[in-house]
Amino acid sequence: MAKQTAEPKKMTPMMKQYTEVKRGLPPGTLLLFRLGDFYEMFHEDAEEGARLLGITLTQRQGVPMAGIPYHAAESYIGKALAAGSKVAICDQVEAPRPGKLVKRSLTRIITPGTAIEPAQVEAGQNRFILALDSHKEGWRASWMDLSTGDFVLAAHRNVADLLPILNAIAPSELVVSEQRLESWRNRAGDGSPDLDELLRLTGNLPITELPSFHFETDSGARAVAEALKVLNLDGFGLDRQHPALGAAGALVHYVTENLCARPENLRKIREYRCDRSLLLDPATLRNLEIFTSASGGRDGSLAAAIDHTVTAAGTRLLNEYLSSPPLVPEELRRRQSCVGELLEAPSAVRRLRERLQAVRDIPRILGRLQNRLRNPRELGGVRETLRQIPDIRETLATVEGPALGSLRDALDSFPDLAERLEAALSDELPGQLTEGGYIRPGYDGELDRLLSLTSDNKNWLADLERGEQERTGIKKLRVRFNNAFGYYIEVTKANLHLVPDDYIRKQTTVNSERFYTEALKQKEKEIFHAEENARARELEIFGTLVKAVLAEEAGLRETAAALAELDLFLGWAVLTREWNYCRPDLDEGTGLLIKEGRHPVVEQTIRQHPAGLAGSFAFVPNDTGLDTSGEQIMLITGPNMAGKSTYIRQVALITLLAQIGCWVPATECRLGLVDRIFSRVGASDELARGNSTFMVEMNETANILNNATERSLIVLDEIGRGTSTYDGLSIAWAVVENLHRPEGSGPRTLFATHYHELTQLDRYLNRVRNYSVSVKEWNDEIIFVRQVVPGPADRSYGIQVARLAGLPLPVINRAKEILERLESDDTTAISPPASPTTSSGRPSSPKRKPKVKKSEEEEEQLSLF
């Protein structure tokens, strides 16, 4: 007899539900399947979820399972997103009924770029998702923060024009056209550092590929218009054939798929154009530590140093200002004026900051309410914010000045909405709608009646019992309840002759009869359904309150934007007062004048963590003067640790601060607007990508020379040090010559170097000036004065710095001996005991170029021109 094959196990109806949902998800998506009070994962999802979330992996009938509590799901989802995973939510969409399969459906897919729950996003940081595409005509990009509704597009011929803003927004997820990423990777390393930089930016991001038709311009224009609920995009200054609409449409499609509904908080789209902003390329953002410090965190960055905001929206606005500084003097002067007016009213500043601490994140609250993620505390956040506005407006009225007056006018207190929320919402609000109790008692009579049926049912039953005793004359009549029969009236057999005609027999027992009346039966139904009805009524009221809030959405967003600006300007006023900043004077010229400038980050660090060498406990200010038609290039020499790098960085940071509208750490500052800041400082290897320190340096230098204009500011530190001395010197020399362009067309430049040969360039290039960082010698030790003074440094003091670094004394002494011999051209006498020998057995000695007579040296220098 043939052996019968075992039939596959039959799936339960619930597992069929699970399988159908799972089948429709993108690969690699974790499915959280709602079962009662838990979200369960099965099969490979359970194994992966247990690993990612640190939860227990179990089995049932051979099926791997892992679950998380429903009420704690938000934090677990945040862990999965942080690991780059996508998470799908399958919820119960009807109340469970005994003996019936609960209906379930996919409610949303959460990805790193589309998360909007508070536990899944960082309060002070935007969470952008980026769509990117390229064609032979150029590059198209669009980015969106679904949590706030920010929506931007951009189209540029070269990817280099997009890199500054893309690095600044730091996207959390990337959406690209099919096979586009592969083509970029295939082209990487072919002499295109900009493409390499793009791949560096996107290398660790979760990436989703969509069919190319989602990136078509026509379909994108339709999708964007539908999402914004407009007939056309003319009101946003966009033509229907704008090349980046394809990327924007792909983003709308992707977000809609993940929300399982169209995003409802998109109200406008704006175009980013690099010619309207001060640009900082990716290397400059890193080198100047704008958003993150060298350690990788926010502490120690410029953003952290100037962030005195007290609201999440204020912090995000600061990041936006730093990401895209406008080239519009009028806007920058408005920001400066707001800070200046607040500086004159310190008591008002204190009161306003106290009020702002109670302001909630209105843009993100509105985003969650509009996208069906709702709980009572969101409305509580709106209520708490509206409570603060009358006092904020009143306090602003006491501060003199037109700039803050316009900001005050933008604040609406929404008195009707505020009054309604105060009347409707309880003082203490639960985190979930299912908990109930969020509508204030006395607000709605019907809700109060329904709640009374549950909270006061014992009193009602006691009153009924007492009333029936009096009506029938049966003193031992009782109103009782049990699970089998519900509510009933119990009468002993001795009193059955007193039972009225409206009593209906329900049950007979040994010693009594049980009855009910139509009134008691109706009350029983009401009591049984009171909790359910009360919850439904409370939800209905909550829904009307949400509608009332969303009816004011446009005004609330405008008010929230004004509050964020006020918060940022208040923080800058505190910063200015505490650190003695000055208001920069901006113009359309090509000059740059800074009196007693300081590094905004280092200055704070020194005060907060006073440690280091003698003289390093207080920051030493320095002056700077540059002009394209005069002192165009500052050539700065001096020993290591003297402060050259700090000095040139501080000039760049002061320039950036001035061009975001902030006051600056100096006693005086006049600045002709800068179109780009370039920075080539520090050293780093990219060995994993095949780039050495020197190659990275040359790539960054090439970017500067190819893109700098007469309105740019350049800070260069130690160009050419990553190769041999003469190669490096030659490259540094040629770079200075290239930057020294015809009068009026060369960029303002600070060039720090250890190549003392370069100090002779001021003889031949009339807009090069020599400066040095002063040091003093005492008892064969050096003291760092930190002062930048005219003229070149006389020597490098390398051995003294080496001693400060802790090199052993024998090494220091030997280095001095060798230096003396080299400086006297006596290289033949350099023969230490047990020195290395050459193949001929003779002691090896350092090779040095023969000394050239001064006249010959000058002739040699001249021959280079």
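Student: What is the relative accessible area of Y70?

Tutor: The model is predicted, and local features need pLDDT of at least 70, side-chain atom pairs count only at pLDDT 80 or more, while totals for chains, interfaces and linings use all residues. Residues are numbered from 1 along each chain as its sequence is written, and side-chain values use heavy atoms, with hydrogens and water left out. Buried means under 20% relative accessible area, exposed over 50%, and partly exposed in between (1.4 Å probe, protein chains only). Y70 falls in the partly exposed class, at a relative accessible area of 28%.

Student: How many aromatic pairs does a search of the whole structure find, and what is the angle between the planes of Y18 and F33?

Tutor: Rings of Phe, Tyr and Trp (its six-membered ring) pair if their centres lie within 6.5 Å; planes under 30 degrees apart count as stacked, over 60 as edge-to-face and the rest as tilted. The search of the whole structure finds eleven aromatic pairs. Among them, Y18 and F33 lie 5.6 Å centre to centre in an edge-to-face pair, with an angle between the planes of 85°.

Student: How many residues apart are Y18 and F33, and are they buried or exposed?

Tutor: Helices (H or I, at least four residues) and strands (E, at least two) are DSSP runs, numbered from the N terminus. Y18 belongs to helix α1 (residues 13-23) and F33 to strand β1 (residues 29-35), so-called distant parts of the chain, 15 residues apart. Both Y18 and F33 are buried.

Student: Why does the pair of Y39 and Y70 count as tilted, and how many residues apart in sequence are the parts tied together?

Tutor: The ring centres of Y39 and Y70 are 5.8 Å apart and the planes meet at 50°, so the pair is tilted. Y39 lies in strand β2 (residues 38-42), while Y70 lies in the loop between β4 (63-69) and α3 (73-82), so the pair ties together parts whose separation in sequence is 31 residues.

Student: What is the relative accessibility of Y39, and how far from the centre of the Y70 ring is the charged end of R34?

Tutor: Y39 counts as buried, at 5% relative accessibility. A charge sits over a ring if NZ of Lys or CZ of Arg is within 6 Å of the ring centre and within 35 degrees of the ring normal. The charged end of R34 sits over the ring of Y70, and its distance from the ring centre is 3.6 Å.

Student: At what angle do the axes of helices α13 and α21 cross, and what is the handedness of the crossing?

Tutor: Axes are lines fitted to C-alpha atoms, for helices over the stretch in contact, and angles run from 0 to 180 degrees between N-to-C directions. The axes of α13 (residues 346-356) and α21 (residues 553-579) come within 10 Å and cross at roughly 135°. A crossing is left-handed if the near helix is turned anticlockwise from the far one by less than a right angle, and right-handed if clockwise. The crossing of α13 past α21 is left-handed.

Student: Which residues is N258 in contact with, leaving aside its neighbours within four places in sequence?

Tutor: N258 is found in helix α8 (residues 245-259). N258 is buried, with a relative accessible area of 5%. Contact means heavy atoms within 4.5 Å. With neighbours within four places in sequence left aside, the contacts of N258 are R108, I109, T111 and T114.

Student: Which residues is I439 in contact with, leaving aside its neighbours within four places in sequence?

Tutor: I439 is found in the loop between α17 (415-424) and α18 (445-455). The relative accessible area of I439 is 4%, so this residue is buried. Leaving aside neighbours within four places in sequence, I439 is in contact with A424, S426, L447, E538, I541 and L545.
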